[in-house]
Amino acid sequence: MARVAVVTGGTRGIGEAISIALKNAGYTVAANYAGNDERARAFTERTGISAYKWDVSDFDACVAGVKRIEAERGPVDVIVNNAGITRDGTMKKMTRTAWDDVMDTNLGGCFNMCKAAWDGMNERKFGRIVNIGSINGQAGQYGQVNYAAAKSGIHGFTKALAQEGARAGITVNAIAPGYIDTDMVAAVPPDVLAKIVARIPVGRLGHADEIARGVLFLVADEGGFVTGSTMSINGGQHMY
Ligand code: NDP
């Protein structure tokens, strides 16, 4: 039977590319999203992949979402924690709400989803978890203390959970993308983006498909020895 994979934020951007790549590789994919029904509907029509709406920052909603997918599709063996938001601002301007929203979604969502699927993965002695971090969690970024802290947290979370899952056949890895041409990056002012691209050794933004290829490698059944790692897919940018 095909393995069931849940991709959070799986209906557009990087998540969409991951959902499609997993489907093409033979997985049964459930793509979660937060609120953009129109994009989710278009995604399902285009790909045939079912979309499931809930907020990953809501613990109970994550538990209910995983339960529903397991009832409809079968045990969840693969989770890709991709859902993420930005609420940028310098420390001078950043509100406590902007901090909480980003921490609760980008890092809290990762905890919520892993917790919801953890017992089942342990019972079946198999699991593949991939957490999408960011180059900015490794290097920091002006105006992003919330985002950089949450993404940096993802890398620590990944290494710690990998140790807990290792003997149960559960691998936990992270991907740290560089700048990828999605809606999230389209929101960056053009002059700022031009400066960012100038610093990328390959001289261009990455494509969502390039991140999806990394996910396919990390979720492979044969990948049991690859755990606790962070794969940087960033066009060669130097990490500090
Ligand atoms: P997009 O903004 O294009 O898409 C974000 C997706 O996440 C959407 O499907 C959105 O749902 C979903 N989402 C947002 N908040 C929630 C929530 N609370 N619950 C459930 N789903 C949610 O983002 P990208 O594709 O650019 O980014 C994907 C991931 O990659 C993020 O974690 C981001 O931080 C990370 N990343 C992106 C980089 C880039 O350059 N683009 C670089 C490095 C990391 P909806 O459609 O309903 O809004």
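Mentor: The buried residues of α1 are covered by, among others, β1 (4-7), β2 (28-33), α2 (37-47), β4 (76-81), β5 (127-132) and α9 (208-219). This is a predicted model, and the description below should be read with that in mind.

The helix α1 itself runs over residues 13-24. The buried residues of α1 are Ile14, Gly15, Glu16, Ala17, Ile18, Ser19, Ala21 and Leu22. Glu16, one of the side chains of the kind counted as negative, is thus on the buried list. After α1 comes Gly26, which has a positive phi, near 105°.

A positive phi also turns up in a residue other than glycine: Lys125, where the angle is near 55°. Lys125 sits in the loop between α4 (96-124) and β5, and β5 is one of the elements that cover the buried residues of α1. With a relative accessible area of 52%, Lys125 is exposed, the cut-off for that word being over 50%.

Lys67 belongs to α3, residues 59-73, and its relative accessibility of 60% is why Lys67 counts as exposed.

Now the chain as a whole. The protein chain holds nine helices and seven strands. Its radius of gyration is 17 Å, close to the 18 Å that the globule rule gives for 240 residues, so the chain is as compact as a globular protein of that length. The C-alpha trace spans about 50 × 40 × 35 Å along its principal axes. Of the 240 residues, 49% are buried. Among contacts between residues at least 6 apart in sequence, 70% join residues at least 24 apart.

The surface and the charges remain. The accessible surface of the chain is about 11,500 Å², and carbon and sulfur atoms account for 54% of that area. There are 25 positive and 24 negative side chains, and the centres of these two sets are 3 Å apart.

Notes
Residues are numbered from 1 along each chain as its sequence is written. This is a predicted model: local features need pLDDT of at least 70, side-chain atom pairs count only at pLDDT 80 or more; totals for chains, interfaces and linings use all residues. Side-chain values use heavy atoms; hydrogens and water are left out. Helices (H or I, at least four residues) and strands (E, at least two) are DSSP runs, numbered from the N terminus. The radius of gyration is taken over C-alpha atoms; the globule rule is 2.2 Å times the number of residues to the power 0.38. Buried means under 20% relative accessible area, exposed over 50%, partly exposed in between (1.4 Å probe, protein chains only). Contact means heavy atoms within 4.5 Å. Accessible areas come from the Shrake-Rupley method with a 1.4 Å probe; for residues, only the protein chains shown count as cover. The place of a charge is taken as NZ of Lys, CZ of Arg, CG of Asp or CD of Glu. The expected span of a helix is 1.5 Å times one less than its number of residues.
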